[in-house]
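Please read it with the structure open.

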Amino acid sequence: MNITNSPQRFGLVSKLIHWLMALLILSLIAIALYMDTLPRGPEKFQLFDLHKGLGLIAIAAIAIRIIWHRVSKVPAPIGEGIKLTMAHLGHLALYLLMLAMPISGMMMSLAGGHDVKFFGLFTIAGFAEKNVMLNELGASVHHYAGQLLYVVITGHVLAALYHHFILKDDTIKRITSK
């Protein structure tokens, strides 16, 4: 298997980044949904710290992903016309949301005066003086971008399954097989 992408398939690095991002995002969603069920207390605050640490990893991972796609060009698209346009729009939405979620989460935390800890390795200190407007903006963006992310991820998965089972093309194989 090639490390870089070929005109037909994604290479090892792209596949690893794709699946690690998928696992990371699903983990962040699961933690967020579980946190929402908990009352204020130590367990919830520990999960907030875990969620924020993983959010920092997400920022780094999306930056690496964007850089990698500039270095190792994406394989030629399968399909044309409206399907290709929809695929491009779907991927653009995913990238924008993968950036918006951790950035708005950081904005919300820091402006709310809360530190962002990275697994005991370092801490980004929250604002000494809370900024209510910036905190609320971050919270709103994080909430609505999260809702939209659910829809876009569902569409992404359904489109992949449609390509595999209905169109019977190599869309899924390009990101899963050797």
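This is a predicted model: local features need pLDDT of at least 70, side-chain atom pairs count only at pLDDT 80 or more; totals for chains, interfaces and linings use all residues.

1. Helix H1, which runs over residues 12–35 and has 24 residues, reaches 34 Å from its first C-alpha to its last, close to the 34 Å expected at 1.5 Å a residue. Its buried residues include Ile17, Met21, Leu24, Ile25, Leu28 and Ile29, but Ser14, Lys15 and His18 are also buried. An α-helix has 3.6 residues a turn, so residues three or four places apart point the same way. The buried residues of H1 pack against helix H2 (42–71), helix H3 (81–111), helix H4 (132–167) and helix H5 (171–176).

2. Helix H3 has 31 residues and spans 44 Å between its first and last C-alpha, close to the 45 Å expected at 1.5 Å a residue. Among the buried residues of H3 are Leu94, Tyr95, Leu97, Met98, Met101 and Pro102, together with Ser104, Gly105 and Ser109. The partners against which the buried residues of H3 pack are H1, H2 and H4, as well as strand S1 (116–118) and strand S2 (122–124). After H3 comes Gly113, whose phi is positive, near 85°.

3. How do H2 and H3 cross, and at roughly what angle? Their axes come within 9 Å and cross at roughly 145°, and the crossing is left-handed. On the H2 side the contact is made by Lys52, Gly55, Leu56, Ala58, Ile59, Ile62, Arg65, Ile66 and His69, while H3 contributes Tyr95, Met98, Leu99, Pro102, Ile103, Met106 and Ser109. Sorted by class, the residues of this contact are 11 nonpolar, 3 polar and 2 charged. Tyr95, Met98, Pro102, Met106 and Ser109 of H3 take part in the contact with H2 and are also listed as buried.

4. The structure holds 2 salt bridges. In one of them, Asp49 pairs with Lys117, with the closest N and O atoms 3.8 Å apart. This pair links distant parts of the chain, since Asp49 lies in helix H2 and Lys117 in strand S1, 68 residues apart. Asp49 is partly exposed, at a relative accessible area of 27%, and Lys117 is likewise partly exposed, at 37%.

5. The side chains of Lys173 and Asp170 also meet in a salt bridge, at 4.0 Å from N to O. Lys173 counts as partly exposed at 38% relative accessibility, and Asp170 counts as partly exposed at 34%.

Notes: Residues are numbered from 1 along each chain as its sequence is written. Side-chain values use heavy atoms; hydrogens and water are left out. Helices (H or I, at least four residues) and strands (E, at least two) are DSSP runs, numbered from the N terminus. The expected span of a helix is 1.5 Å times one less than its number of residues. Buried means under 20% relative accessible area, exposed over 50%, partly exposed in between (1.4 Å probe, protein chains only). Contact means heavy atoms within 4.5 Å. Axes are lines fitted to C-alpha atoms, for helices over the stretch in contact, and angles run from 0 to 180 degrees between N-to-C directions. A crossing is left-handed if the near helix is turned anticlockwise from the far one by less than a right angle, and right-handed if clockwise. Ala, Val, Leu, Ile, Met, Phe, Trp, Tyr, Cys and Pro count as nonpolar, Asp, Glu, Lys and Arg as charged, and the others, Gly among them, as polar.
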